[in-house]
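Have the viewer ready and follow along.

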Amino acid sequence: MTSNFRINYENTPFLQSSQTGASLDRLNFRCEILLASNQEAIKDKRILDLASHDGRFSYACLELGARHVTGVEGRHHLVKSAKKNLIDMGYEPKNFSFVQGDIFDYLHRVKPKEFDTVLCFGFFYHTIRQSELISEIRRIQPEHFLLDTLISKDTDEKPCLVFMPESHEIEGSTIDPIDLVAWPTKNYIELILKTYGFNFKELHWSSEKLKDLREVGDYEQSIRVSYYSKRN
């Protein structure tokens, strides 16, 4: 791995605080493409980090100059880890807040324009309520919206959701006890963003900075996609 990343997770607690997608290459690479390359959405912004996990991307936002970050996460131990991780990295509680709870319950309470930027990384395929999620994000009117998700490629790219079982007892999975999720197709994502009035661009993943691509194979194989939307 090369070291030319604007945020480098080497020697951070995020390599130990979770086993989900916690390799150094993967964290550095995702942060570079999703956040560091879109600093207009981060610097001096109030960030809402949906499914904030152990605070890994909330931390990156603060490192990139975010005014404040609020993370929402369903699992208590991950909220606890996120708070500890950011304090251990030198941030004070005034810089961030982490809320344990259901993302939809939280979104319903958010006032319009309360946040400048919404991050939705790795949650969009752990729910069956994608339309409601995008509708709520539109309602709160962030200036910027960043979405990163796995997709289904089993339906010839028709705009649809592919339902499948997933255990809520596994970290990094749904927290919904019905144990059912839906993976979107790429065309579904683009259709629903258009339907709810988002202007967006797909983020393209360049692997120039990585010698070993095994940790980002889902991006290399185009079974994971990312979008950046900016309000008119």
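This is a predicted model: local features need pLDDT of at least 70, side-chain atom pairs count only at pLDDT 80 or more; totals for chains, interfaces and linings use all residues.

## Ground rules

Helices (H or I, at least four residues) and strands (E, at least two) are DSSP runs, numbered from the N terminus.

Residues are numbered from 1 along each chain as its sequence is written, and side-chain values use heavy atoms, with hydrogens and water left out.

## Around Gly21

Gly21 has a relative accessible area of 30%, so this residue is partly exposed; buried means under 20% relative accessible area, exposed over 50%, and partly exposed in between (1.4 Å probe, protein chains only). Setting aside residues up to four places away in sequence, Gly21 touches Arg26, Leu27 and Arg56, where contact means heavy atoms within 4.5 Å. Glu190 is 169 residues from Gly21 in sequence, and their C-alpha atoms are 25 Å apart in space.

## The sheet

Seven strands form an open sheet with mixed pairing, in the order E3-E2-E1-E4-E5-E9-E8; two strands pair if DSSP finds at least two bridges between them. Strand E3 (96–100) and strand E8 (200–202) are at the edges with a single partner strand each, so one side of each has no neighbour in the sheet. From one strand to the next, the twist averages 15°. Axes here are lines fitted to C-alpha atoms, for helices over the stretch in contact, and angles run from 0 to 180 degrees between N-to-C directions.

Strand E1 (residues 46–50) pairs with strand E2 (residues 68–73) in the parallel sense, over five bridges. Leu50 stands opposite Val72 in E2. Helix H6 (residues 186–195) packs on the sheet and touches strand E5 (144–150), E8 and strand E9 (224–230), with its direction at about 15° to that of E9.

## Aromatic pairs

Across the whole structure, a search finds nine aromatic pairs. Rings of Phe, Tyr and Trp (its six-membered ring) pair if their centres lie within 6.5 Å; planes under 30 degrees apart count as stacked, over 60 as edge-to-face and the rest as tilted. The planes of Tyr9 and Tyr59 are at 65° with ring centres 5.8 Å apart, so this pair is edge-to-face. Tyr9 is in the segment before helix H1 (24–34) and Tyr59 in helix H2 (residues 56–63), 50 residues apart, so to speak a link between distant parts of the chain. Tyr9 is buried at a relative accessible area of 0%, and Tyr59 is buried at 4%.

Phe200 and Tyr227 also form an edge-to-face pair, 5.6 Å centre to centre with 85° between the planes. Phe200 counts as partly exposed at 25% relative accessibility, whereas Tyr227 counts as buried at 2%.

## Nonpolar cores

A nonpolar core is a set of buried Ala, Val, Leu, Ile, Met, Phe, Trp, Tyr and Cys residues joined through side-chain atoms within 4.5 Å. The largest has 36 residues, and those with the most contacts inside it are Tyr9, Leu35, Ile42, Cys61, Leu86 and Leu146. Apart from this core lies another of 28 residues, including Ile103 and Leu193.

Leu86 touches Phe14, Gly55, Tyr59, Leu62, Tyr91, Phe96 and Phe98, not counting residues up to four places away in sequence.
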